[in-house]
Amino acid sequence: TRVNYFVCGAGFLLLVMSLFLLFWFDRSNWSKTASFICVCVGLWLFYSASQTFQSFSTTGIVYKTVFSNDTHRYEWSDIQELTYSLETEKKSGAYVITFDDKNQIQVNENGYIKSIRRAILTQAKENNVEIKEIKQPD
C-alpha cells in the first residue's frame, strides 16, 4: 500500500542521511552516534513495512498494518459491509471491508485480487454480508 512505500522511503532517507552525517561532520563522535541512530531507525522502518500483510482464505481474513504488533483475524461472518469502488478510467477498483467492530481495511484491486474476486463475493454472499458497488465517474 501507499503507507508501506512512504515508510520505506523514510527508511531510505534515514540511511542516506546517516552517510551524509559522517561525511559532513568529519566522523566526529557526535556524527557517528547520530549516524548509528539513523541506521537503526531506518532499518526498523524497513522491517515494519515488510511485516504488513493481508490474507484471504475460505475461513476469513487476516491482516497486519504498519507499526502494529497485532494481527487482526476475522471470519467471513464478522464482516458487516463490503464496498467495491470501481474507477472506470483506470479499470481497477478497491474494496473497503468494514467489520462488526467498525474496524476497516482497504484492499486495492491488483492481479491477485482480481483472480479471487469471485471467491470473495461468494464468501460474502454466503455469510449475508451487505455488498455495495460504487462506480466512480470518468
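Local features are reported only at pLDDT of at least 70 and side-chain atom pairs only at pLDDT 80 or more, whereas totals for chains, interfaces and linings use all residues. Residues are numbered from 1 along each chain as its sequence is written, and side-chain values use heavy atoms, with hydrogens and water left out.

The predictor's confidence in each residue is given as pLDDT, on a scale from 0 to 100. For the chain, the mean pLDDT is 89, and 96% of the residues reach 70 or more. Confidence is highest in helix α2 (residues 29-50), at a mean of 94, and lowest in strand β7 (residues 130-136), at 83. Where pLDDT is low, the predicted coordinates should not be read in detail. Helices (H or I, at least four residues) and strands (E, at least two) are DSSP runs, numbered from the N terminus.

An open sheet is formed by three strands in the order β1-β2-β3, with antiparallel pairing. Strands count as paired if DSSP finds at least two bridges between them. β1 and β3 stand at the edges with a single partner strand each, so one side of each has no neighbour in the sheet. On average, neighbouring strands of this sheet are turned by 10 degrees against each other, direction ignored; the axes are lines fitted to C-alpha atoms, for helices over the stretch in contact, and angles between N-to-C directions run from 0 to 180 degrees.

Strand β1 (residues 53-56) is joined to β2 by four bridges, and the two run antiparallel. They form a hairpin with three residues between them, and F53 has K64 of β2 as its bridge partner. On the other pairing, four bridges join β2 to strand β3 (residues 72-75), again in antiparallel fashion. Here Y63 is bridged to H72 of β3, and G60 to E75 of β3.

Strand β2 (residues 60-64) is largely enclosed by the rest of the structure, because five of its five residues are buried. Residues are called buried under 20% relative accessible area, exposed over 50%, and partly exposed in between (1.4 Å probe, protein chains only). Both faces of β2 are covered, with G60, V62 and K64 buried on one side and I61 and Y63 buried on the other.

A nonpolar core is a set of buried Ala, Val, Leu, Ile, Met, Phe, Trp, Tyr and Cys residues joined through side-chain atoms within 4.5 Å. The largest such core has 20 residues, and F56, I61, I97 and F99 have the most contacts inside it. At least two residues of this core come from each of β2, β4 (79-87), β5 (92-99), β6 (104-108) and α4 (117-126). The most is given by β4, with four residues. Apart from this core lies another, of eight residues, among them L14, L21, L45 and V66. In soluble globular proteins, nonpolar side chains tend to be buried together. Contact is defined as heavy atoms within 4.5 Å. Leaving aside neighbours within four places in sequence, F56 is in contact with I61, W76, I97, V107, I113, I116 and I120.

Aromatic rings of Phe, Tyr and Trp (its six-membered ring) pair if their centres lie within 6.5 Å; planes under 30 degrees apart count as stacked, over 60 as edge-to-face and the rest as tilted. By this rule there are seven aromatic pairs. The ring centres of F25 and W30 are 4.9 Å apart and the planes stand at 80 degrees, so this pair is edge-to-face. F25 is partly exposed, at 41% relative accessibility, whereas W30 is exposed, at 52%. The rings of Y74 and F99 are stacked, because their centres are 3.7 Å apart and their planes lie at 10 degrees. Since Y74 lies in strand β3 and F99 in strand β5, this pair ties together parts that are 25 residues apart in sequence. Both Y74 and F99 are buried, and together with Y63 they form one aromatic cluster.

Two residues of helix α1 were also examined. F20 is found in helix α1 (residues 2-24) and is partly exposed, with a relative accessible area of 38%. Between F20 and S31 there are 9.2 Å in space, C-alpha to C-alpha, and 11 residues in sequence. L22 lies in helix α1 as well, and is partly exposed at 25% relative accessible area. Not counting residues up to four places away in sequence, L22 touches R27, S31, K32 and S35. L22 and R73 are 51 residues apart in sequence, and their C-alpha atoms are 44 Å apart in space.
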